[in-house]
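Me: I've got a fold on my screen and I'd like to talk it through, one question at a time. Can we start with the pockets and then go on to the strands?

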Amino acid sequence: MNTLKGLSKVFESAEEILFDDRSKIVIMSDCHRGDGTWADNFAKNQNFYFIALNDYYKKGYTYIELGDGDELWENKKFSDIFAMHKDAFWILSKFYQKNRLYFIYGNHDMVKKNPNFTQKHLYQYYDSHKKKEIPLFKNIKIHEGLILRHSITGDKIFLVHGHQVDPMNSVFWRISKFLVRYIWKPLESYGIKNPTSPAKNHEKKDDVDIKLSKWVKKNRHMLIAGHTHRPMFPEVGDIPYFNDGSCVHPRCITAIEIENATIKLVKWTIKTKLDGTMFIGKEILTGPKKLKDYFSIESYFDKKEKIKEVSDYF
């Protein structure tokens, strides 16, 4: 089972988004927006997310979501997710109205690759107060992968969720979906973790990270993914595989920002002023580093795959 070949097919068919040194882009993934019940891991971080997106919107960023935005394995109805997180969808719709929104699907929201699902649930929603359909993401296209291509240099950054190199969450995703919905979701309430999930299994995380790094080494393109929930930010000279983390960390959400021809990893969390006042703010975890330094270094293709320790990020 050649999972790297499958990833290459996604790259070859991916649409390109042009960017330049003035572009502002924020990349997040693995929000796992749920229905507000005890199993909704996003609910505890929804304020971080809303404040972060509102800030990015005001500052002119383009928002790209790298999959697993909505938890559609544990939850049968998208309408329940929408009803619980209307504020999040409202700010996302503002990005869309300005042509600054892109969605990539992951394994937990794989159903979004079906145009019928997208048209039914994402194009519009029913407003019970106005008693009519209101546009949400009218005519939006959900991608499996995207390519950021620099309009001057032609350098490319491949954007993908990353589950494509994880057979249980790509080839056998329907089996995994069944197990999550009917077996692991109930067991989670007793503290039992799903051993098939790369977000909760360190060995699977390492396996996914190594495979994605191998793809980068073979194809010589910078790559940004999600899926493992583990932020990755290589040093200049190492294999340029990045991971934006997730929005369901215990005390923060993480994101990758591209701005002024640089890239950095950030987190949004609760911070405290000297007078004891608490607020939600942004902290740079690593970077900014110049993008051209990752594009121009050739030596990393001769290096062995290396998994960067990320425990210090939290």
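Predicted model: local features only at pLDDT ≥ 70, side-chain atom pairs only at ≥ 80, totals over all residues.

Me: What volume does the second largest pocket have?

Reply: A pocket is an open set of points on a 1 Å grid over the protein atoms alone, where a 1.4 Å probe fits, with protein on both sides within 12 Å along at least five of seven lines. Points are joined across faces, edges and corners, and a volume is the space filled by probe spheres set on them. For the second largest pocket that comes to about 250 Å³.

Me: Which helix gives the most to the lining of that second largest pocket?

Reply: Lining residues have an atom within 4 Å of a grid point, and here they include Phe-78, Phe-82, Lys-120, Tyr-125 and Glu-133. Helices (H or I, at least four residues) and strands (E, at least two) are DSSP runs, numbered from the N terminus. At least two lining residues come from each of α3 (78-84), α5 (115-121) and β5 (124-127). With four residues, the top contributor is α3.

Me: How many residues of that lining are charged?

Reply: Asp, Glu, Lys and Arg count as charged; Ala, Val, Leu, Ile, Met, Phe, Trp, Tyr, Cys and Pro as nonpolar; and the others, Gly among them, as polar. The lining of the second largest pocket has five nonpolar and four polar residues, and the charged ones number three.

Me: How far apart are the C-alpha atoms of Ser-79 and His-121?

Reply: Both residues line the second largest pocket, and Ser-79 sits in helix α3. Along the chain Ser-79 and His-121 are 42 residues apart, yet the separation of their C-alpha atoms is 7.6 Å.

Me: On to the strands. What is the order of the open sheet of seven strands?

Reply: Two strands pair if DSSP finds at least two bridges between them. The pairing in this sheet is mixed, and the order is β7-β4-β3-β2-β12-β13-β14. Its edge strands, each pairing on one side only, are β7 (142-143) and β14.

Me: Which helix packs on the sheet and touches β2, β3, β12, β13 and β14?

Reply: Contact here means heavy atoms within 4.5 Å. Axes are lines fitted to C-alpha atoms, for helices over the stretch in contact, and angles run from 0 to 180 degrees between N-to-C directions. The helix in question makes about 130° with the direction of β13, and it is α2 (residues 46-58).

Me: Is β12 largely enclosed or open?

Reply: Side chains in a regular strand alternate between the two faces of the sheet. From β12, Cys-252, Thr-254, Ile-256 and Ile-258 point one way, Ile-253, Ala-255, Glu-257 and Glu-259 the other, and all are buried. Since that makes eight of eight residues buried, β12 is largely enclosed by the rest of the structure.

Me: Which residue in the turn between β12 and β13 has a positive phi?

Reply: β12 and β13 pair in the antiparallel sense over eight bridges, and the hairpin they form has two residues between the strands. Most residues other than glycine have a negative phi.

Me: Which peptide bond is cis?

Reply: Most peptide bonds are trans. The proline involved is found in strand β14 (residues 278-290). With omega near 0°, the cis bond runs from Gly-287 to Pro-288.

Me: Last one: is Phe-137 buried or exposed?

Reply: Phe-137 is found in the loop between β6 and β7. Leaving aside neighbours within four places in sequence, its contacts include Phe-89, Leu-92, Tyr-96, Phe-103 and Tyr-123. With a relative accessible area of 0%, Phe-137 is buried.

Key: Residues numbered from 1 in each chain as written. Heavy atoms only, no water. Buried < 20%, exposed > 50% of the residue type's maximum accessible area, 1.4 Å probe, protein only.
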